[in-house]
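I opened this notebook to record what I looked up in one structure.

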Amino acid sequence: MSTHQSFDGAPRPDGAPEADPSAPVTAAPPALPAADASEGQVPETSGTSPVGRLAATVERLRREVLAAQAEAEGRALVELAKGILVERLGCGPAQAARQLAELAEQSKVTPLEFAVEVINQAAQDRMSEVAEAFLAATRERVEAEESAAVRLRAAESGALAANDTQAVADSLLEHALRPLGAVAVAVWAVGSDGSLSLAGSAGFPQAEAARWRYVPPDVATVARRGLTERTGQWLSSVADSGLPTIGRRLYETGARFAVPAGTGGRIHSVLEIAWPKPEEPPSPQVVRQVEALAELCAHTLESTTLRHGPGDDPRLLPDAAELMNLADGLHDPALVLVPHLDAAGHLIDFRIQHVNSRFLDPAGRPRAVVNGALLLEAYPMAAGESELFQRVERVYATGEPFRTERMRLTALVDQVTLAAVADISISRHGAGVLLIWRIEDEAARLASLLQNAQRLGRIGGFEESLLTGEITWNGQLFDLYGLPLTSTPVALEELPAHAHPDDAVAIRRFLRTVLHHRRPASAAFRLLRPDGVTRHIRVVAEPVLDTDGQLFAVRGAYQDISAQHWTEVALAATRDQLAHSEQQADERNRLALQLQHAIMPPAQTPLQVPDLRVAVRYRPAETEQLVGGDWYDAFVLPSGLVLVCVGDVAGHGIEAATSMVVLRNALRGLAVTGAGPGQLMAWLNIVAHHLTGAVTATAVCGLYDIERRTLRWARAGHLPPVLVRDGEATALPTLKGLLLGALPEAVYEETELQLAAGDTLLMYTDGLIERRDRSVEESLSHLLAMARSVPGTLDQQLDRLLTYSRSDTDDDSCIVGIRLT
């Protein structure tokens, strides 16, 4: 800030009146604290060398300059307050100075603080509104003897007296933002194209500021986010946002606040403030303070532009007159809008300054009615569902263009709402906004839709006059007939000559209904085209009668249904093939079910063994197509031992049923050798792997010794048996044993179980317990709970287990029960 020297040696602002000699000396804001030695300061006592004395002298002069600048800014505020008192009290400058000193002494404040109070009361501006909030927000940061209102007014005074935006940034940082903990500030000027230029900065290194002199449009930065958000953008940490910005590396974890500001509805600048560390979101009072400072920056930028003149600012684009010429040269309807402000300078609407010759009003009004009117007066619905006014307002404020397709435009004329659909383009040029809309021609759009529908549906229309003989075809009908567009259309009476002979009867019936009975009719026939191609066609026609009921024309359409015809033929063939396949599948399922029931009936005659009761149950699958390979067996061997076994072959259908028969009969033959259950499972594995086409299966096999009351058993990938004893049900241990048919050779572990009177042993297949939504362990736990309650007889117990089974896989189920008496 440039200064003049006053009589007492203190600098004062340009244009400020000289202080009255009789005025009391006012207290200036305290000078900034001197930097310590860690910041590079060399104290005066650091040494007697010439370098040390020179450094001390420089530091002393720097402090004196800062103090002089602060005193000058304070004197400017005091002189302004004195001027206010002169105007209000009608006194001279000397008397106003004495009055100011007396009132300050009575109020127990310094003359500078009282001067700021006088200015705030007289101004009643944004600064005075936020002064108290600023005081509350900075109470813990500002020295006790200094008023926050003084700092805010000092920042305003320094900014208004500055001759460039760089000085504005310095003043804002030193007087208003450092008390809030901020360390740097950047003032961005918004270009008419949405670009950002660094107009001034403080707290950032000079090299960093040089790198950020210009940000092109549409580049995402913190300042850009503040511009587009319109209400400001707060970032608790720059690193978390991922947005580039000035000084990001220097204050990477710090908070940022970007606030836009402007006048007359147009944003001129964005104020970006940096903190050194993460911060919580600011209070509403602090936000209002920063918004006031941002408005001050916008005012400074606007004043600088006016002072320098439009020719000095390369960012300014043509004025409204040139924009009107541009609109007249466009092939699309266009409107030139200029901002309409109220008495306070706030944007309330846009005036339609000009409409070009191609302008089309949605309500059909002439151009003279719309030209010169306010946008919301001509189109009051623009602020409603389409948000057209909000779009124009945003483009004017930020400079970012807006484009969209098929926006709904609504006009209210004589209480009647008229609507249209248009493609919209909005852009800002200097002080005006160019609004281009391309309204769709509804009739042309419907004609295009109809033409495309006829093309996609392979439909051709016709109309035939019976009075003049004139026949009209559209282009699609010529394509259906395979004729060039220059050919003569075919009359309805000539239709049989172009159709297959076998369809002549149907065509004549169709013609008689339309021409003689005068009723709408349709017919399907095979069209024989000149190129030798036969197409399947459906023709639909209706008679056109005059007021006397006489037939004078026929109109209708042809549709190529060849694809539908061949689809129906293919569908019929597929349906026949499917019916044949279903018949074969039913026969195979019936055969498998008969084979299964023949070998394993659902109930079997109980074995006649002393002190032993054996019962079996088999429940086939509920769906015949899921006939499975579950099997069971129980019989007395020649050695006197009782063989009990249960198995399950993988798969369903006739293959699973025949494999089940092979394994069941093989086990019967192998059991007469007297081998143990482990050896029987090993031999049965060889049979499954080599003699059944590599079928896989699970099984559990046991040999019961009647005299010793012992059971030797082994398993091949099957669920272990369940032992019910004294009201408790437990699953036997899981012995090692691979499922049958997986490997050529396998070894199976066997063990012996001692049974007692009253014991019940249950062997079963997984179809009894399997559920799609439960694990095997959960299903087995439910089976054990059901088996604990022992009814009177073994048959009743097996029936109860089948009845209350929770299985939902529709698979076969087998149970073999052994009870000692």
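My entries on this model follow.

**Basis.** I worked from a predicted model, in which local features need pLDDT of at least 70, side-chain atom pairs count only at pLDDT 80 or more, and totals for chains, interfaces and linings use all residues. Residues are numbered from 1 along each chain as its sequence is written, and side-chain values use heavy atoms, with hydrogens and water left out.

**Whole chain.** I noted 22 helices and 28 strands in the protein chain; helices (H or I, at least four residues) and strands (E, at least two) are DSSP runs, numbered from the N terminus. Of its 821 residues, 45% count as buried, that is, under 20% relative accessible area with a 1.4 Å probe, protein chains only. Among contacts (heavy atoms within 4.5 Å) with a separation of 6 or more, 59% join residues 24 or more positions apart.

**Sheet.** I traced an open, antiparallel sheet of five strands, ordered β19-β28-β27-β24-β25; strands pair if DSSP finds at least two bridges between them. The twist averages 15° from one strand to the next. Strand β24 (residues 722-725) is joined to β25 by four bridges, and V722 stands opposite A731 in β25.

**Helices on the sheet.** I found α21 (residues 776-788) packed on the sheet, where it touches β24, β25 and β27 (760-764), at about 150° to the direction of β25. Axes are lines fitted to C-alpha atoms, for helices over the stretch in contact, with angles from 0 to 180 degrees between N-to-C directions. Helix α22 (residues 794-803) lies across β19, β24, β27 and β28 (813-820) and runs at about 25° to β19.

Notes:
Buried < 20%, exposed > 50% of the residue type's maximum accessible area, 1.4 Å probe, protein only.
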